[in-house]
Every structure is written in C-alpha cells, then in structure tokens.
Amino acid sequence: MSDGVSAAAESNKIGGGIAETIESGAIGGGMAETIETGKTEELGEELFNLFAQVLNSPKNRKFLDSIRGEYGVLWYLWKVENNVSAGDLKEQLHVVPGRMTDILTSLESKKLIVRTKDEIDRRVVHVTITPEGIEEVQKRREDIHEDYKGLFSAFKYEEAKEFIRLLRVMMTYKS
C-alpha cells in the first residue's frame, strides 16, 4: 500500500479516509493493489463507522424506515408486482409477520391498498394497490428525490457513477 493511501486512512478515522483512498486510485482506479495484512481491520472499522453515521443520520433514518414500512409496501405493489400475497410481501421486504399485518392494516385504513382472500386457499390474502395508493407512493417518491437532490451536487458526474459502481460491488460481496 502506498504511503499516500496509508496517510489518507490515518488522517481521518471517521470521515473522508475511504473516500480519499478511492480518489488516490487504490480502489476502483484500475489498480489491482491488495491491502496489507493488519490494515483490513483499520479499513473495516472506518467503513463500519461511516455506515453507522450515514444510516443514523435523520434524513437517512426517515428513508430507511420508509423502505420496510408503508412506503416500501406501496412501492413494491406499484413498481414490482401488484396483487401479491401478504406472505410474499413479507418475504420480499424482509419484514416479520406481525409488522406486515400492522403495515397492511394501516394502509388499508387509509384506502391505499385492498386486501382480498384467495378464492381457493382462504388462508392466503392478496394485496392490491389502489389509485389513491399510487398517488401516495408517487408523492413520497418525489419527497425522497427532493431530500436527496443535493447529494449529487456534492459529486461530479463521473464521481457519482463511480460511487454507485462501488456500492454495487459492495452489494455483491458475500462474507
């Protein structure tokens, strides 16, 4: 590892260290440089701290809560698959059964979804988004876009594309 990368990682335990490492070309810049033994713990700690900061910021907390909550259900029904069983929704959104029941009850009371029992297997409940539900999910989506609009003004276009590419690489990582 080059001294510049090491110095960048040391300069800021919580903050720009990994970003500085990326900018230096050690990650994502086409260089196939490996991480020195012992440095992986340091980078892992820095990455953990950065994720904790990002995930616990008030703006992101609102977004993350919505993904597995009412907005997540509405978005799934609108964009992925409408008229899906409550069990499939639970599985796809990684929500426990009791929480899914609460979400669906709330959405149904607001007339944003309709629940119907399967005609063949009465234990199965199908969930369908209503026109009001579509309006609500579109409004919430606009709110989220507005909240995050400024994020990309902090990046140049190529930096934003690289950031997204690196997140995709992280999503494929299996421990």
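**Notes on the predicted model**

1. The three strands form an open sheet in the order E1-E3-E2, with antiparallel pairing, where strands are DSSP runs of E of at least two residues and helices runs of H or I of at least four, both numbered from the N terminus, and where two strands pair if DSSP finds at least two bridges between them. The edge strands, each pairing on one side only, are E1 (84-85) and E2 (113-117). This is a predicted model, in which local features need pLDDT of at least 70 and side-chain atom pairs count only at pLDDT 80 or more, while totals for chains, interfaces and linings use all residues. Residues are numbered from 1 along each chain as its sequence is written, and side-chain values use heavy atoms, leaving out hydrogens and water.

2. Strand E3 (residues 125-129) pairs with E1 in the antiparallel sense over two bridges, and Ser85 stands opposite His126 in E3.

3. Helix H5 (residues 70-80) lies across E1, E2 and E3 and runs at about 80° to E3, the angle being taken from 0 to 180 degrees between N-to-C directions of lines fitted to C-alpha atoms, for helices over the stretch in contact (heavy atoms within 4.5 Å). Helix H7 (residues 97-109) packs on the sheet as well, touching E2 and E3, and its direction makes about 115° with that of E2.

4. Phe152, in the loop between helix H8 (131-148) and H9, counts as partly exposed because its relative accessibility is 42%, between the limits for buried (under 20%) and exposed (over 50%), with a 1.4 Å probe and protein chains only.
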